[in-house]
Amino acid sequence: MSNVSTLEEIYTDFSMRYFEDKTNGIFSDSVEKLIHEFLATDRITSELSNDDLNDVFSQVSIPEQGVSESEYLQGMTENVIGHTINTGSPYFIGHMTSLLPNFMRPMAKLVATMNQNVVKVETSKSLTFYEKQSLAMLHKAVYNQRDEYYQDVLASHTSPLGLITSGGTLANIAALQCARNQSLSTFADVEEEGFFAVLNKAGFTESVVIGSSLAHYSIEKSLGLLGLGKKSLLSIPVDKHQKIDLVKLRETLVDCANKRIHISALVGVAGSTECGSFDPLAEMADLAEEFGVYFHVDAAWGGPLVFSDEHRSLLDGIDRADSVTIDGHKQLYLPMGIGIVLFKSHETGKLITNEANYIIRAASPDLGRIGVEGSRPANVCYLQAALCLIGKKGYAHLLDKSISTTQQMANEILSSLDFELLNKPQANIFLYRFIPEKYRGLAPYSLEDNQAIDRFNIQLQEQQLSQGMTFVSRTTFKVNSELSVVGLRVVIANPLTTIDHCRAVLEDQRSIAENLE
C-alpha cells in the first residue's frame, strides 16, 4: 500500500507543478524559439505526404505519467510544426487565411491566461461590456446609426447589436435562425412552438431561403440544422460577372408569392468564396423590401471593405440588410475561430434568446442569452486590439494593397500565352488556369480538350502543394450554363505578398507544367 501511495504522490506532484508554479519560463522560451523559426521561413510546407503523416501519428495511448516539456516539444518540432501549412508565407495565395499582425501572439497569451468565459458577467465581468462595445463599433462602420442610438443600446441590458461566434458558419446560423423566427413572428414564437407548427398555423406548407448559386456552403448547412432542410435553398443563377441574376431573382420571388411558398430569408453574397464576386446588394434590398422578406448579407470575406473609400462601393446597400456576417479571421486579420454577425436592430437578437436560473438570467447583461453557443473565450480582445491598433485607415491601406496586387497578377495572366484568366477580379480573389502548349491558340476548346486541360491543372495544383514552395488552391468553376472547368484559385490577403511573389508562384507553376508535359 505504501508503494501505491508513493506512486500516487509522485503523479500528483508531477501534475500539480503546472498549476502551483504559475509560470514556466523554460517551456515559454522554447515555444518562443519555435515561433521565430516558423515565422522565418517562406516555405509553404514539407514534402511529407499525407500517408507518411498517418504513420507518424499512429500512436494512440495517453502516457501514464506526463512526459517532460523538452520531450514533448521535441516531438512537436519533429512531427508537427514543420509539416503544417505556413499560411503566413507571402507565397501562400490560395486560401482565406493569412499572416496575422505581430501583436496577436502576445494577445493570445493574455486571452489564455485570463481564461474568461463571456457567456456570463460572473465569468467575464468587464469583457461582457468590452464585447458589446466592439460590436457597436463594427455596427457603426456598417450601419452608421446616430451616436445616441449606440449610447442607448450600450447603456441598456437589451439584446446586443450582434454576436461574436466561433466562426462564420455559426454566425450565418444565428442570422438565419433570426430570419426564420422573425418571418413567422406575427403568428407565434417559433422557438417555443417549433418551426413546422408555426408554419402550418400561418397557412404555409413549405419555406425556402433564396440566394445565389455562389452562396457559401454554410448557408445550406444552416438550413439543415434549422429544420428547413438543405433542399429548401433556392439557388439563383449568376450572370456573366458572377453576380446574382436579378431578373431570375424577381421571377423566383413572384413565383413563391403565387404558390404561397413562405420565404424565410433572402441572402446576398459580398465576396463569394469561390471567385470573390459581390452581389448587387442595393437592388436585392429593394426586392427584399418589396416582397417583405428578411435580408441577410454574408460578407464573411468582403465585409471589411466598409473601411475602404476606394472599394466600399462594392458593398452599396449593405446598410439595408437585416443582418450581416463578417469573419474576423479573414480580412480583419484575427486568429482563427472568430465569426461576427451584426443585427441592424438590437431587437433582432431577442428572437434567439434563452435563459436559465443559474446562468443567463432574465434582465441580466449576460451575452450567453443570445445564440446557440454557451461557453466561449474572450476573443473580443483580438477584435478590439485590431480595431484600435490598425484603425479604419490602416484597414483601408491593407485592403487596397491586396486588391491592387491581385489586379496586377490578373494583368500578368492576361498578357501571358500559357495562362488563361477565367474571371476578372472584383476585389482580391480570381480564377485562372494553365493551358498546356498543345492546346494554345485552339480556343474555343472542345469538351474533350477542356477535360484534358482540367486533368492537367489538377495535377499541376497537387504537385505544387506537394513540393511545398508556393501555393494556390483550385475549384470547379461554372463558366456558363453548359460548361464547368477546373480553375486555379488565387486569394491575396497577406500584406507582405507583392507582385514579385505572385510572379514567383506563376514561374513555379510553369516549371512544374514543363515537367508534366
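Helices are DSSP runs of H or I with at least four residues, numbered from the N terminus. All views are taken from a predicted model.

**View 1. Met16 and a nonpolar surface patch.** Met16 has its place in helix α1, which spans residues 2–20. With a relative accessible area of 32%, Met16 is partly exposed. Together with Tyr18 and Phe19, Met16 makes a nonpolar surface patch of about 320 Å².

**View 2. Surroundings of Thr128.** Helix α6, residues 126–143, contains Thr128. The relative accessibility of Thr128 is 0%, so this residue counts as buried. Leaving aside residues up to four places away in sequence, Thr128 touches Lys120, Val121, Pro365 and Leu367. Asp366 is 238 residues from Thr128 in sequence, yet the two C-alpha atoms are 7.2 Å apart in space.

**View 3. Strand β2 between its pairing partners.** Strand β2 comprises residues 207–212; six of its six residues are buried, so the strand is largely enclosed by the rest of the structure. Five bridges connect β2 with strand β4 (residues 262–269) in a parallel arrangement, and Val209 has Ala265 of β4 as its bridge partner. Strand β3 (residues 233–236) also runs parallel to β2, joined by four bridges. Within this pairing, Gly211 stands opposite Ser235.

**View 4. Strand β1, covered on both faces.** In strand β1 (residues 162–165), Gly162 and Ile164 lie on one side and Leu163 and Thr165 on the other, and all of them are buried. Strand β7 (residues 339–343) runs antiparallel to β1 and is joined to it by four bridges. Val341 in β7 is the residue opposite Leu163.

View 5. Four strands, in the order β8-β9-β11-β10, form an open sheet with antiparallel pairing. Its edge strands, β8 (419–421) and β10 (473–480), each pair on one side only. On average, neighbouring strands of this sheet are turned by 45 degrees against each other, with direction ignored. Helix α14 (residues 380–414) packs on the sheet, in contact with β8, β9 and β11 (483–491), and its direction makes about 25 degrees with that of β9. Helix α16 (residues 499–516) lies across β8, β9 and β11, also at about 25 degrees to β9.

View 6. Three bridges link β8 to strand β9 (residues 429–434), and the two run antiparallel. Phe419 stands opposite Phe434 in β9. The side chains of Glu420 and Arg433 meet in a salt bridge with an N to O distance of 2.7 Å. Glu420 belongs to β8 and Arg433 to β9, so this pair ties together parts that are 13 residues apart in sequence. Glu420 is partly exposed at 26% relative accessibility, whereas Arg433 is buried, with a relative accessible area of 4%.

**View 7. Further salt bridges.** The model contains 19 salt bridges. In one of them, Glu507 pairs with Arg510, the closest N and O atoms being 2.7 Å apart. These two residues are three positions apart in helix α16 and are therefore separated by about one helical turn. Glu507 is partly exposed, with a relative accessible area of 45%, and Arg510 is partly exposed at 26%. Another salt bridge joins the side chains of Asp255 and Lys259, at 3.3 Å from N to O. Asp255 is partly exposed, with a relative accessible area of 32%, while Lys259 is exposed, at 54%. Asp286, Glu289 and Arg320 are linked in a network of salt bridges.

Terms used. Residues are numbered from 1 along each chain as its sequence is written. This is a predicted model: local features need pLDDT of at least 70, side-chain atom pairs count only at pLDDT 80 or more; totals for chains, interfaces and linings use all residues. Side-chain values use heavy atoms; hydrogens and water are left out. Buried means under 20% relative accessible area, exposed over 50%, partly exposed in between (1.4 Å probe, protein chains only). Contact means heavy atoms within 4.5 Å. Patches are made of residues with over 30% relative accessible area and no salt bridge: like charges are joined within 9 Å, nonpolar side chains (Val, Leu, Ile, Met, Phe, Trp, Tyr) within 5 Å. Accessible areas come from the Shrake-Rupley method with a 1.4 Å probe; for residues, only the protein chains shown count as cover. A salt bridge is a side-chain nitrogen of Lys or Arg within 4 Å of a carboxyl oxygen of Asp or Glu. Two strands pair if DSSP finds at least two bridges between them. Axes are lines fitted to C-alpha atoms, for helices over the stretch in contact, and angles run from 0 to 180 degrees between N-to-C directions.
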